[in-house]
Amino acid sequence: MGNRGMEELIPLVNKLQDAFSSIGQSCHLDLPQIAVVGGQSAGKSSVLENFVGRDFLPRGSGIVTRRPLILQLIFSKTEYAEFLHCKSKKFTDFDEVRQEIEAETDRVTGTNKGISPIPINLRVYSPHVLNLTLIDLPGITKVPVGDQPQDIEYQIRDMILQFIGRESSLILAVTPANMDLANSDALKMAKEVDPQGLRTIGVITKLDLMDEGTDARDVLENKLLPLRRGYIGVVNRSQKDIDGKKDIRAALAAERKFFLSHPAYRHMADRMGTPHLQKVLNQQLTNHIRDTLPSLRSKLQSQLLSLEKEVEEYKNFRPDDPTRKTKALLQMVQQFGVDFEKRIEGSGDQVDTLELSGGARINRIFHERFPFELVKMEFDEKDLRREISYAIKNIHGVRTGLFTPDLAFEAIVKKQVVKLKEPCLKCVDLVIQELINTVRQCTCKLGSYPRLREETERIVTTHIREREGKTKDQILLLIDIELSYINTNHEDFIGFANAQQRSTQANKKRAVPNQVIRRGWLTINNISIMKGGSKEYWFVLTAESLSWYKDEEEKEKKYMLPLDNLKIRDVEKGFMSTKHVFAIFNTEQRNVYKDLRQIELACDSQEDVDSWKASFLRAGVDGRFAPTQTENEDGAQENTFSMDPQLERQVETIRNLVDSYVAIINKSIRDLMPKTIMHLMINNTKDFIHSELLAYLYSSGDQSSLMEESAEQAQRRDDMLRMYHALKEALGIIGGHQHQHRVHPRAPPRGRHVAAERPRAQIPSRPAPRPPPASRPACPAGGPRRPPPAPPSSAPRSLSVLD
């Protein structure tokens with residue numbers, strides 16, 4: 001070529017390929033490349049080994065190539081190989097290269113003959129190769145064997161199409177000569193993505209195995225199934241030669257002899273064989289890269305811009321500089337404190353729009369979750385009334401009391417206040433969990449230094465746990481303070497007089513007229529079959545009446561029953577009935593509903609009956625209950641409900657007092673809990689992070705080890721810088737080349753052969769600016785052509801970009 005900038009194009013693409021692979025293929029640029037496609041046993045492996053001059057590819061029956069192999073051939077004075085996944089090791093024994101390919105394949109795909117699209121990157125340095133990059137793809141197969149997936153054919157097909165479908169890829173379609181070209185799977189797949197044959201190079205293998213009297217002359221002369229880039233024939237070693245370890249150089253000499261002596265091929269022998277194929281591929285890949293330079297350059301610039309911000313912090317990075325470590329430690333601790341405070345107090349930058357976090361979650365615990373936990377403590381009406389009844393009786397002792405005892409009120413209130421401890425402590429636990437989660441979120445930025453992150457999390461979490469004990473002690477102290485004195489003079493407390501008035505007036509003054517006490521489904525159980533039988537209705541109990549409707553939309557009212565002079569009582573459950581029943585009747589012996597002296601209301605469970613009874617008591621409807629038997633500690637049976645109206649009024653009075661006082665306590669606790677937690681935990685933790693965290697970190701150990709980078713971070717930085725510099729270097733080479741006189745490539749002929757694509761470049765070890773006439777291959781027709789003179793000063797200028 002006479003242009004070193006052009007000679008650098010294939011190594012440039014190699015660098016980009018390595019850079020992309022090293023960061024997990026996260027950057028998708030369609031790099032110019034040659035993808036090798038062919039059926040199983042088509043001779044792909046032999047072609048590649050002939051290029052290298054060494055046996056290094058796995059062989060065997062079935063699918064041997066189960067991951068794409070990116071093979072980079074690089075001209076060098078010494079011969080060795082290296083893999084991208086183990087960069088530090090140089091392989092000089094090519095049997096070890098084969099073993100490493102097999103081991104790396106099994107590591108990702110397992111040993112069950114499965115496949116994977118994750119490539120293996122192999123670089124071979126040798127004095128016997130031209131700069132060339134090829135991708136060896138799994139052989140096309142039809143039938144799964146062994147433990148292969150049933151859809152193995154489609155998996156391989158999709159993988160091959162993924163590589164050859166890109167416009168930047170040249171396709172090396174390998175077909176054996178002893179197979180009908182029309183049935184070639186490689187050519188068929190190439191035609192799908194390249195119908196005009198502009199990117200496809202045909203390779204015909206096993207020419208020496210054709211039946212006697214037949215040849216592939218029409219194919220090789222591009223007459224049968226023409227390709228724009230033509231066909232090249234090769235003769236590989238036979239299986240016997242491979243098993244006998246026949247030297248590849250001897251095989252190449254035998255190949256040369258075959259073409260020179262065969263009557264059908266001798267006239268084109270200089271355009272056949274592995275060395276010629278290697279030169280043509282080098283030439284065509286170089287021209288192809290040159291043709292795609294404009295679009296590649298724009299993609300490289302776009303990629304470089306996206307990396308600029310990430311690379312900025314790495315540009316002047318010196319990992320062993322002690323001042324850098326000290327400065328980084330100070331900056332990261334300071335940033336951690338700022339991030340923690342922003343997450344707690346809220347900020348306008350980087351607001352999470354997907355979910356609540358930090359302070360917002362704590363706020364929800366204070367004002368939604370904690371009040372909900374208090375509401376969940378609603379008293380079981382039946383149990384509470386029974387406790388009040390027992391308290392009143394035990395205080396009166398053997399005498400029948402005429403007045404409601406205040407000691408019963410205090411005993412019940414204290415028992416209810418003690419129950420507040422559980423939701424209060426649970427609230428503290430929830431806040432602690434949110435604080436620890438916030439700390440972990442804020443330490444994510446310290447991920448580059450795992451030891452620093454671990455120590456920061458440990459120190460701050462330990463401090464939060466220490467504050468947990470003090471905060472819970474203070475919360476329990478608040479509860480004990482409330483228990484120490486029952487303030488019946490509180491301005492919001494209703495007092496005994498108001499409580500009794502509410503009880504005697506059936507809660508009507510306390511309730512807004514028609515205030516709804518309860519809604520729900522009940523069945524009227526005692527309507528005769530002649531009148532329609534028992535039926536379910538939607539009941540609404542208010543402070544003044546009991547109404548029932550056809551359904552819960554409450555549009556069609558069936559009846560409204562005033563609560564004046566009503567009483568409720570138990571009804572024995574029927575022999576075959578599964579319902580639990582209670583009755584409503586009028587104390588003045590009047591009909592309650594139509595011609596019924598009482599209506600029997602049925603529920604599905606005894607708990608529902610007891611709950612409805614309690615609701616009627618709250619509405620002022622007294623009960624005459626059949627005694628419910630329970631066992632006391634001595635095993636004796638006791639009545640749950642009293643039949644004494646005076647006791648029921650006292651129970652109702654204390655019930656109202658307890659309601660009023662517990663509401664005062666709840667209001668006070670809801671106000672003090674957030675304040676206590678904020679002061680003793682959250683604000684204290686913020687102060688600790690700002691003023692003491694750094695001192696704890698310094699005392700925890702050696703700062704140099706504390707600021708050791710993670711291996712992943714160091715690798716990521718190296719890969720990022722490598723990618724960045726590779727992109728800059730690529731743009732430098734491309735920019736330098738575009739200032740030179742560009743020789744436009746000639747389109748390969750569609751005629752008899754591809755002599756126009758014969759290489760104009762020399763092997764990189766001979767970089768003479770202009771090769772002597774004898775070293776240039778003769779043109780097929782029209783006599784020799786003189787290459788246009790290169791501008792004398794352009795090539796040096798292009799090199800200055802690299803230097």
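Tutor: An axis here is a line fitted to C-alpha atoms, for helices over the stretch in contact (heavy atoms within 4.5 Å), and angles run from 0 to 180 degrees between N-to-C directions. The model is predicted, so local features need pLDDT of at least 70 and side-chain atom pairs pLDDT 80 or more, whereas totals for chains, interfaces and linings use all residues. Residues are numbered from 1 along each chain as its sequence is written, and side-chain values use heavy atoms, with hydrogens and water left out.

In those terms, helix α5 (residues 152–164) lies across β1, β6 (132–136) and β7, and runs at about 150° to β1. Helices (H or I, at least four residues) and strands (E, at least two) are DSSP runs, numbered from the N terminus. Strand β1 (residues 33–38) and strand β7 (residues 169–176) run parallel and are joined by 6 bridges, with V37 standing opposite A173 in β7. They belong to an open sheet of 9 strands in the order β4-β3-β5-β2-β6-β1-β7-β8-β9, where the pairing (at least two DSSP bridges between two strands) is mixed. Its edges are β4 (86–91) and β9 (231–233), each of which pairs on one side only, and the twist from one strand to the next averages 25°.

Elsewhere, strand β15 (residues 580–586) has 7 of its 7 residues buried (under 20% relative accessible area, with a 1.4 Å probe and protein chains only). In a regular strand the side chains alternate between the two faces of the sheet. For β15 both faces are covered, with H580, F582, I584 and N586 buried on one side and V581, A583 and F585 on the other. Strand β14 (residues 566–570) pairs with β15 in the antiparallel sense over 5 bridges, and D570 stands opposite F582. Strand β16 (residues 598–603) is also paired antiparallel with β15, over 6 bridges, and here V581 stands opposite A602.

The largest has 63 residues, of which F409, L435, M673 and I677 touch the most other members. Several helices each supply at least two residues of this core, including α13, α17 (450–484) and α20, and α20 gives the most, with 16. A second, separate core of 54 residues includes F51, V52, C86 and V203.

Leaving out residues up to four places away in sequence, F409 touches I486, T488, F493, I654, L657, V658 and Y661.

For the chain as a whole, the count is 24 helices and 19 strands, and buried residues make up 48% of the 803 residues. Among contacts between residues at least 6 apart in sequence, 74% join residues at least 24 apart.

Notes. Core = buried A, V, L, I, M, F, W, Y, C linked by side-chain atoms within 4.5 Å. Buried < 20%, exposed > 50% of the residue type's maximum accessible area, 1.4 Å probe, protein only.
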